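Student: I would like a close look at a single part of this model. Please keep the account plain and connected.

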Amino acid sequence: MAFGNPLCIRFQENGILGMIANRHLQFVGVNNFSSTRTSGTPQGLSLEKCSDKKDTLYKSVEIEVRSGEPAVLLSYEWFTSYAAKQLGITIGKCWAPPKAHHNRLTLLKSIHIYKKHRVQYEIRTYFRHMTYERLTESTLKTFLEYIQRNVPEGVAVKVTKKSVLNLPPSLNDSVRRLSLQ
């Protein structure tokens with residue numbers, strides 16, 4: 001069973017662009033490529049820089065899935081947890097509310113008369129929440145793309161991200177002053 005596209009490393013040698021792919025779909029950690037020639041690369045071979053900016057760190061990512069069938073949600077939770085384990089992502093809390101959300105709609109049986117005769121329709125929506133902790137932006141993009149491409153029919157996905165940011169310079173200076181006192 002193939003899981004998405006294989007991981008690739010692009011390189012350029014004498015104007016010819018090439019790719020090295022991981023065909024066994026194992027986790028490949030590739031960091032800090034520089035566009036300059038390194039001592040380990042042969043003449044004319046240069047590695048492209050994967051990204052010019054730093055990865056954003058996320059404290060936690062909460063994924064809410066909803067559907068009309070609780071068994072589908074349970075299966076999808078197992079799938080996303082298994083995918084997270086394979087990518088080395090820390091799995092937080094996975095939970096579901098005890099009851100479904102009921103949306104009831106009462107209509108008349110007849111269009112014109114017979115107000116006493118009614119019919120009632122009910123839509124039940126089940127929810128499931130999954131939390132994943134301490135992720136980088138690149139890992140999160142890969143993980144979300146993979147699980148969103150494999151969403152079962154009739155399932156809605158909502159993603160909430162909580163990122164880690166540096167303190168603004170004005171606050172950083174005041175914190176330093178307070179810590180020195």
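Predicted model: local features only at pLDDT ≥ 70, side-chain atom pairs only at ≥ 80, totals over all residues.

Which residue does the side chain of H129 join in a polar contact?

Tutor: The side chain of H129 makes a polar contact with the side chain of E62, at 3.0 Å. H129 belongs to strand 7, which covers residues 118-136. The relative accessible area of H129 is 8%; the cut-off for buried is under 20%, so H129 counts as buried. E62 is one of several residues that H129 touches once neighbours within four places in sequence are set aside. The list begins with E62, I63 and E64, and it continues with K93, C94, W95 and P97.

Strand 7 also holds R134. Where H129 is buried, with 8% relative accessible area, R134 is exposed, with 60%. The backbone of R134 deserves a note as well: its phi is near 55°, a positive value, and the residue is not a glycine. Most residues other than glycine have a negative phi.

Next, the nonpolar surface. L105, L107 and Y121 make a nonpolar surface patch of about 290 Å². L107 sits in strand 6, residues 101-108. The relative accessibility of L107 is 38%, so L107 is classed as partly exposed.

Four of them turn up in a search of the whole structure. One is formed by F79 and Y146, whose ring centres lie 5.5 Å apart, with 45° between the planes; this pair is tilted. F79 is in helix 1 (residues 70-87) and Y146 is in helix 2 (residues 137-149), so the pair ties together parts that are 67 residues apart in sequence. Both partners are buried: F79 has a relative accessible area of 19%, and Y146 has 17%. With the cut-off for buried at under 20%, F79 at 19% falls inside the class. The pair is also part of a cluster, in which ring pairs link Y76, F79 and Y146.

Definitions and conventions
Residues numbered from 1 in each chain as written. Heavy atoms only, no water. Patch = residues over 30% accessible without salt bridge, like charges linked within 9 Å, V, L, I, M, F, W, Y side chains within 5 Å. Areas by Shrake-Rupley, 256 points an atom, 1.4 Å probe, with all protein chains shown as cover. Salt bridge = Lys/Arg side-chain N within 4 Å of Asp/Glu carboxyl O. Helix = DSSP H or I, 4+ residues; strand = E, 2+ residues; numbered from the N terminus. Buried < 20%, exposed > 50% of the residue type's maximum accessible area, 1.4 Å probe, protein only. Phe/Tyr/Trp six-rings, centres within 6.5 Å; stacked < 30°, edge-to-face > 60°. Polar contact = N/O pair within 3.5 Å; in protein donor to acceptor, adjacent residues only side chain to side chain. Contact = heavy atoms within 4.5 Å.
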